[in-house]
Amino acid sequence: MSRPARVRATIHVPPDKSVSHRALIFNAVATGRATIERILDSDDVRSTAQCLAALGVPIEWPEGSQVAHVTGQGLHGLFEAEDVLDCGNSGTTMRLLLGLLAGHPILSVLTGDSSLRSRPMGRVIAPLRAMGASLAARRGDTLAPVVVKGGSLRGIAYHSPVASAQVKSAVLLAGLYAEGETAITEPSRSRDHTERLLTAMGAPLAIDGLTVRVRPAERLSAVSVRVPGDISSAAPWLVLGVCHPDAEIVLEGVNVNPTRTGILDILRAMGADLELVEERTSGGEPVADIVVRSSQLRATSVSGELVPRAIDELPLVALAACFAEGTTVVRDASELRVKESDRVKAVVDALGRLGAEIREREDGFEVDGPVRLRGARVHAHGDHRIGMLGAIAGCLAEGETEVLDDAVGVSYRTFWDDLRTATSSEAVSG
């Protein structure tokens with residue numbers, strides 16, 4: 001790809017991946033039948049559906065459709081799968097299912113692709129073991145495949161060393177089956193889609209600052225959901241819009257849950273011209289259209305509680321920093337190193353090849369700007385976020401850019417089509 005002369009687009013971004021996963025998993029153990037409209041049809045979410053089907057949950061979701069029907073089996077209705085559960089590339093699938101299966105007296109083996117088998121599972125295994133579940137995994141019980149035999153859980157008060165919605169969700173799901181109260185406290189607040197949906201389904205859940213508490217549930221009531229747009233999928237267009245010299249992009253129906261909008265706060269701090277319009281609610285989540293335009297950017301610092309609210313978007317923050325005046329610093333983001341790739345190294349390598357002045361930190365990176373990026377060959381290392389980073393960078397660089405092993409279908413199957421449309425004149429996509 002290469003830099004277009006102008007960018008004019010209206011894009012309906014793909015449905016929220018986090019909400020899609022949770023709508024499937026929670027409704028699978030609810031009572032009743034739920035319809036999930038605008039479910040994200042991506043490789044990761046399909047992995048969740050296939051695992052649940054293997055556990056005996058009837059799911060109707062035709063290939064290519066954005067509507068799924070789930071017939072809940074009740075809190076104790078899952079059956080032992082006849083084969084290994086393949087979670088593909090999806091950490092959400094594996095970690096949330098571990099929490100759910102910890103409460104079931106069945107034997108399950110969960111695995112995934114080579115990337116997922118290299119990502120840390122000990123952070124989930126440790127609290128689930130403390131609750132009484134039997135789990136075993138490779139490399140000192142830290143890496144998949146993971147074997148879990150659940151049942152007879154007891155509530156615990158767990159202080160998580162990381163702010164992780166996946167760890168929190170796994171513990172809360174197990175807590176629905178545990179004797180007594182289960183509480184999890186995070187160092188800073190992570191995304192709260194689990195708390196919102198479980199509360200809507202009738203779970204006995206309470207939130208007190210950074211602590212979430214849950215007591216055993218007698219039942220969950222199925223809840224139909226219309227999934228809003230994913231802000232992580234909106235982020236590439238936000239950065240393209242503010243960095244391109246002649247751009248105006250409208251992103252329709254984006255989830256602006258405050259636990260997910262770190263990218264908006266970061267770009268505003270950098271001087272971005274963006275506004276939220278038509279604010280409303282969908283599926284219990286706040287939603288808005290976002291209008292973003294070419295902007296004069298300045299450097300910023302990203303750290304602390306802002307990091308978990310923007311963890312998936314930080315690679316794109318590095319790209320925006322290439323067009324900002326001054327030195328942008330991202331710290332407290334060592335979690336980037338245990339994603340689908342080591343995203344600190346991957347970002348430094350990708351943008352460095354394009355001519356960025358970027359330096360690796362143990363817990364993030366520093367970027368000097370502004371610089372003129374030059375087209376190059378970029379390797380995404382099979383990481384969808386790095387694939388999208390390379391593509392957007394290519395639309396801002398001089399000359400041609402090629403992205404290898406992009407894997408964008410994991411979360412955004414129509415990304416390349418939307419990119420071609422967005423960089424054509426007066427474009428409308430989605």
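Is tyrosine 412 buried or exposed in this predicted model? Tyrosine 412 is buried, with a relative accessible area of 0%; buried denotes under 20% relative accessible area, exposed over 50% and partly exposed in between (1.4 Å probe, protein chains only).

The model is predicted, so local features need pLDDT of at least 70 and side-chain atom pairs count only at pLDDT 80 or more, whereas totals for chains, interfaces and linings use all residues. Residues are numbered from 1 along each chain as its sequence is written, and side-chain values use heavy atoms, with hydrogens and water left out.

**View 1. Aromatic cluster.** Trp237, Tyr412, Phe415 and Trp416 form one aromatic cluster. Rings of Phe, Tyr and Trp (its six-membered ring) pair if their centres lie within 6.5 Å; planes under 30 degrees apart count as stacked, over 60 as edge-to-face and the rest as tilted. The rings of tyrosine 412 and phenylalanine 415 are edge-to-face, with centres 5.5 Å apart and planes at 75°. Phenylalanine 415 is buried at a relative accessible area of 0%, and tryptophan 237 is likewise buried, at 0% relative accessibility.

**View 2. Surroundings of tryptophan 237.** Not counting residues up to four places away in sequence, tryptophan 237 touches residues including Ile11, Val13, Leu251, Val292 and Asp418 (contact: heavy atoms within 4.5 Å).

**View 3. Arginine 46 and tryptophan 61.** Arginine 46 lies over the face of tryptophan 61, at 3.7 Å from the ring centre. A charge sits over a ring if NZ of Lys or CZ of Arg is within 6 Å of the ring centre and within 35 degrees of the ring normal.
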